[in-house]
Structures are given as C-alpha cells and as structure tokens.
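Student: I have a model to read and some questions about it. Can we go through them one by one?

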Amino acid sequence: MALKPVRKGWSPQTWVSLRPFGMGLQKPNNFLEVFRALAENADNLGYAWRILQDGVCDGCALGTRGLRDWTIQGLHLCNIRLRLLRLNTMGPLDPALLKDPTLLRGKSSAELRALGRLPYPLYRRRGERGFTRISWDEALDRIALKLCKTPPDKMGFYLTSRGTPNETYYVVQKAVRALGSNNIDNAARICHSPSTVALKASLGVAATTCSYRDLIGTDLVVFFGSNPAVNQPVMMKYLYYAKKAGTQVVCVNPYQEPAMQHYWIPSDPESALFGTRITDRFFRVQPGGDSAFISGTLKHLIEQNWLNQPFIDAHTQGFEAVRAQVLATSWEELEQRSGSSKAEMLEFALLLAKANKAVLVWSMGITQHTTGEDAVQSIINLGLARGYLGREGCGLMPIRGHSGVQGGAEMGAYATVFPGGGPINAESAAALEQHWGFPVPAEPGLTVTEMLEANLEVLWSVGGNFLETLPSPAQAEARLAQVPLRVHQDIVLSSQMLLEPAEEVILLPATTRYEIPGGCTQTSTERRVIFSPEIPGPRLAEARWEGQVFQDIVARMCKPELAQKVRFADTAAVRAEIARVVPLYDGIQHLRQKGDAFQYGGPQLCPDGVCPTPDGRARFRAVSLPKSSIPQGAFRLVTRRGKQFNSMVHEPTDPINGAPRDAVLISSTDLQKLGLRPGQRIWLQNGFGTLAGQVFVAEVHPGSVQVHWPEGNVLLDPALRSSQAKIPAYKEAYVYIYPQPPAQSPQQSQALAD
C-alpha cells in the first residue's frame, strides 16, 4: 500500500549499531514487555490473548483489528497495549481496603491500579471513615435525587479517553443534554482542542486530512512537537517502512528525542537486530518557538519563490495577509522568538521546496500553549503554501495519543460542539431537537478547565483523575473537595476518589471496552471507524457499561416519554442513531464484527484541494508570534512524557533516555553555566509551586528545562490556557533553579488560596 516501493532486503545504511539487539545501549527492551505481559496476565492468559487477537487496541489512536491494521502487512503489537492489558484481565480489589481510605492516600496511582477493579457501587458520606457497599438501585437513586435538585449549570460531566468508545460518548452526551446541560467534556480538551479549532476554521474539517499509508513513500514527513516513539510506538513501524521507501523524516522540537533518532522495531528482524535511524534532521527550537520558526521558513519560501503558487491561487484565500505579515517580520525577531537561526530556517525551507509531497504531523508540543490555535494555524499555513492537501502522500496530521479522543469530540461529548462538530447555538440546538424529540440547551457549556471553577453541586467523572491531569494539583484537590456530590465511575481506583467528601462520594464500577454487550467502535487518527467486538471471558457481576448507567439515570429523573427517547436497546441501536445524527459517520450502522471498519471522508479529506468551506477554498490566516520573554535568570519549562500512557506512569525510569521520574532535563551548556553536575539535587520554583529533582543532561534547547508530566503540574499556572480551545498551557511556564530548598514564595501561597 506504499506510495513508492519499499526496498526489499536489508539496508545497512539505516542501521544504528552492529551490536545485536542494541545490547548495552540505552533503549527500551520491547521483548521484555512480552514476557512481562505473560507474567502479569498468567491468571487470565486465555482471555488476555483473545483481547489481543480480536479486540481493537484501547491504547493510542492508530487503530487495529486484533493484531493487524489497514496500512502494512504483518503483526502490530506495541508495549503500551501490553502494559494496558492487565487493566482488562485483573480481578476485583479487596473492598476491605476502602474501609479506611487514609491508608491508601500515600500510594501511587500505579499502586492503586494494581489493587484490582472496583467490584460494586460504594458510598461514603462526609464524616464517615470509609466506603460502604450499596446496591446499584440505591446509588442511582441518590444520584438522581441530587441531580433533580441541581440546576443544569451546576452539574458537570467529564469522560476520559481510557478505552472509551464512540457509543459511550454518544449516549452520555445525549443523556446530559436531556437533563438540560451542555457541561460535558472529554480528554480531547487537554490535548488537541486547538487543532480542532484551527482546522475547522481553515479547512472546514476537524481531523487528520490524510491516511497512515501516506507516510510510507512520501517525500518528507515532519514532526512538530511530537514524539510518536513514546506516545504512539506502533507508528515507528510505519516510519521504518517509510525510510525503506526513501522518505525523509524531520523533527522540529525543543528536545532531540533519542527514540526519534534511533529505534528498534521488535517485529522486524533487521530493525530488531541493528536498530533503525529514523530522523534525518533535527531542528531544535525553544519552547513555544514553533510559530516563529515556521514563519521564518515561510519567509524563505516566499523570498526564494518556492511556493506552490498554482495551488494557492486555485484553492486558498487570505495568503496576501500572511505574506505581508511574514515579510514585515525581521529576521532578528524571528531568530529571537524561535531560538533558531536564519540559516536553519533556510535549510528547513529547502527540504520543503524539494518535497513535492509531504505530511506535516504535530501533537501536544504545539497545542498545549496559550497560543495553541495560532501554532496549529502556522502549520496549516505552511502546508497550504506548499500545496500539501488533498493529494496522495500529502496531509496535515494532528496525531492522537489516545483511542477515544477523536470520536469523543465527534460524538458531541464536548462542551463547545454538538455531535458532528456543529457549533452550540440556537440553530444547531433546534436541528438536534428535531432528531431527538426534546429541547436541547443552546449555550456552550463548561470545559473541563472551567468546571472546577464553577462551584458545581454535582461532578460526575467517567474515568480520569483531575489530581493528575490538571495544572496545580493542590488547587484541583481543594476545589474537588468542595463539590457536594462527586460520582467517580471507573474500572479501578484513582487518588481523586479518596478525597474527603464535601457531602457525598459514590464510586461506580465500569466495564472495559471488551466487556460492553454487543461490542463498540473506536475512531482512529486517520478517521477510520473500527468495530471492537465483545470478547468472551470472565466478568465482574456488578460492573456496568457507562452508557447503560446514564440511560437509567434519565429514566429515574425524567418523564417516561423523555426517558424513552434516551433509551437504546443495544449498542447497535446507538450506532444506527449516530449514522442519522452525524452524517460523517454514515456507515457505522453496518459495523458488526471483527475487522469491520470504514474511513469517513475517504483516504484524503479536501480531495484535489477542494475544502468543505462555503467557497471550497482553504483559509490562510495571519498569526501573531507569541511573546518569548521570560524574567532574567529564569528557564523555560516544558512538561513531557516518559514511560507512561497519558498520566498512567508505568516505570520509574524512562528506558528510552534513562531519565528517572524526578529528572530535570537540562542542556550541557546550562549545566556548565550554573556549575551543576549530573545527578545533583536541585529545586525548581515559580509562583505556583516547587519541585525537587535531579540534574539530567540532555539535548534540550539551552535556556529551557523539561520535567515529567504529571509531576510537573505543580509548577503550572492553572489559569493559563488558550483563548478559544481553553487548553491548559502545559508547555508554557518558567522556573528558577536552586541548588538548595527555597522558601515558599508569597505568590505560591496566594496561588493555592485562589
């Protein structure tokens, strides 16, 4: 399926080392992950195998059909999927552990997960020492009674992407809107919401415009602020084949990620033995400097007449405003704001000029800034300037790291859009009312970043952990503890469940993706909607599908005629309604068994450059370069992933670079300037918190440091977020470095009080 022939035989020029399997080198041991998974799932090995063989992966959003996919031949299995496997096969926890939750407060999230699954509904009232078992009827009656007394604007609902399928997102958001609220959000808010905003405004679409196969054999693949080796390791096999087909790979990032330089793909003998050199050229920009780097590149393209002018003339509008702004910006300013040089921008521009076809990929290094929408727009502008749209081997790809986020937003489990991406306004609400037969609220709801600021009376969290995913965990904890009723629906324990109730806390046991009666679907990064069948195996008697639970809540609260409008006989009925309400998903109603899938929009969105905008043209948009100044003596701070999935930390040390969880990644230049030594204890501090760590020398941009997420959340401003998507600025902070523990600053005390 490659665009160009993939060279057969081995290619020694791409090898990393002659050491078999990279022995003695710093690298992940992917073969060890297989044996670990065997040991962890030994008590349920048959079920574990059926999940791998027949299920759709509940890890990243690349999408599989069992152990295979639609892009390349051969088996597809990554270490993230193996690590997540135990969540689906383990038995229930000992409920005696919850008689005194204070004994669990010191445990890490990994330790809490390892205790086992939630076995049945549990209840805790303020002043009570621990949780007691209650029936499902009592749990739902208590929730319904409280919701009946709560104004719609004082209730909030959040769904994470932890294996959550399209059917769950759709049913839950419909139920919430039947209750009169748009206060529903999901994990897409904190990863790619700026991508959705910018792509929709510019192209009329809000998803990846191309397919995975466009990576293999295209002229050039560029990764902006993205590290698939950590977050989407299955993609590394695509890049291996891309290299063998002659594709060049470039990374633009503040950190020269080791695994993007060298990677060992375990399922290919050549790469498993000798490794593969993945990236041909790294361009290190300072954190937040991507827009300036791209503007400088575009300036070179304009000055050298390396634009795709026929495409611009035929398929776009607004380019002249972008041209004027770019040419009016001095090279001095572009260099200062990007942290790069005019010469490096020219080199990158030349790579683009030589590439007739290219795929531009980005992730949270681009989006998680106050100017995330503008940063995404910069990439779109660059792609349009070269005509990388609507053609085979070309595309704009906001790569997803979790299996539920693409579908979650498209199903309408989002505070700012209805199902199908329609804006929340009176016209769209009226259209939905015609489909659903009940009034739909017409005002945008609270995003996840706003819910804890709104003095909610009820907060229902399906999965997730606000204490780990939101900036300023202390502030998140204080605000969670003020919510009168918290409902936590999940398969395992999380630290937020253990907080003292303001009034009541109810824990509800959920099913896994593979236990949902009738099966379910997932939408991948390349817009492929894939059926994941129910997998036969052991079941927890009282675990319930979240979609069923929300239907039961509406039945308890609403008149029978309204309750019936939110009632579905099975997941097939949900898919049938999705096909009617979300035209893009027409075809989902036909998915019934393993391997069933379709790619909405086809292999390429905006075919031949024609976009679903009123005039069929894509929009250039001039963007302002973000301010880059920080206080004298401070360092830019970036949070990053290690050996983890989302906030689920899997190892205390990252096998890719050897960094422990408390590592502070710093350049050798800054190490010498500060007189520090590797392994030395240091403290990072700003007005929001203090983090202790140890010096770890890495290829990061001088003047910046990187720490692991979620540990680094203590240093983030909880009020700092983008203007439109309202994504928290996880990659935009600054800190001071101290060789001794500093005193708490007055600003920290005020931040906690706020």
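Student: Is Leu45 buried, partly exposed or exposed?
Tutor: This is a predicted model, where local features need pLDDT of at least 70, side-chain atom pairs count only at pLDDT 80 or more, and totals for chains, interfaces and linings use all residues. Residues are numbered from 1 along each chain as its sequence is written, and side-chain values use heavy atoms, with hydrogens and water left out. Buried means under 20% relative accessible area, exposed over 50%, and partly exposed in between (1.4 Å probe, protein chains only). Leu45 has 41% relative accessibility, so Leu45 is partly exposed.

Student: Which helix gives the most to the nonpolar patch?
Tutor: Nonpolar side chains (Val, Leu, Ile, Met, Phe, Trp, Tyr) are joined within 5 Å, and like charges within 9 Å. The patch here covers about 760 Å², and its members include Phe21, Phe35 and Leu45. With five residues, the top contributor is helix α1 (residues 30–40).

Student: Where is Leu45 found?
Tutor: Helices (H or I, at least four residues) and strands (E, at least two) are DSSP runs, numbered from the N terminus. Leu45 lies in helix α2 (residues 45–54).

Student: How many disulfides does the structure hold?
Tutor: A disulfide is a pair of cysteine sulfur atoms within 2.5 Å. The sulfur of Cys606 is 3.4 Å from the closest cysteine sulfur, in Cys611, so that pair is too far for a bond. For Cys558, the closest is in Cys148, at 7.5 Å, also too far for a bond. The number of disulfides is zero.

Student: Is Cys606 buried or exposed?
Tutor: Look at the relative accessible area. For Cys606 the value is 3%, so Cys606 is buried.

Student: Where is the place of Ala729?
Tutor: Ala729 is buried, with a relative accessible area of 4%. Contact means heavy atoms within 4.5 Å. Not counting residues up to four places away in sequence, Ala729 touches several residues, including Gln368 and Leu716. Its place is in the loop between β26 (704–708) and β27 (733–738).

Definitions and conventions. Patches are made of residues with over 30% relative accessible area and no salt bridge: like charges are joined within 9 Å, nonpolar side chains (Val, Leu, Ile, Met, Phe, Trp, Tyr) within 5 Å. Accessible areas come from the Shrake-Rupley method with a 1.4 Å probe; for residues, only the protein chains shown count as cover. A salt bridge is a side-chain nitrogen of Lys or Arg within 4 Å of a carboxyl oxygen of Asp or Glu.
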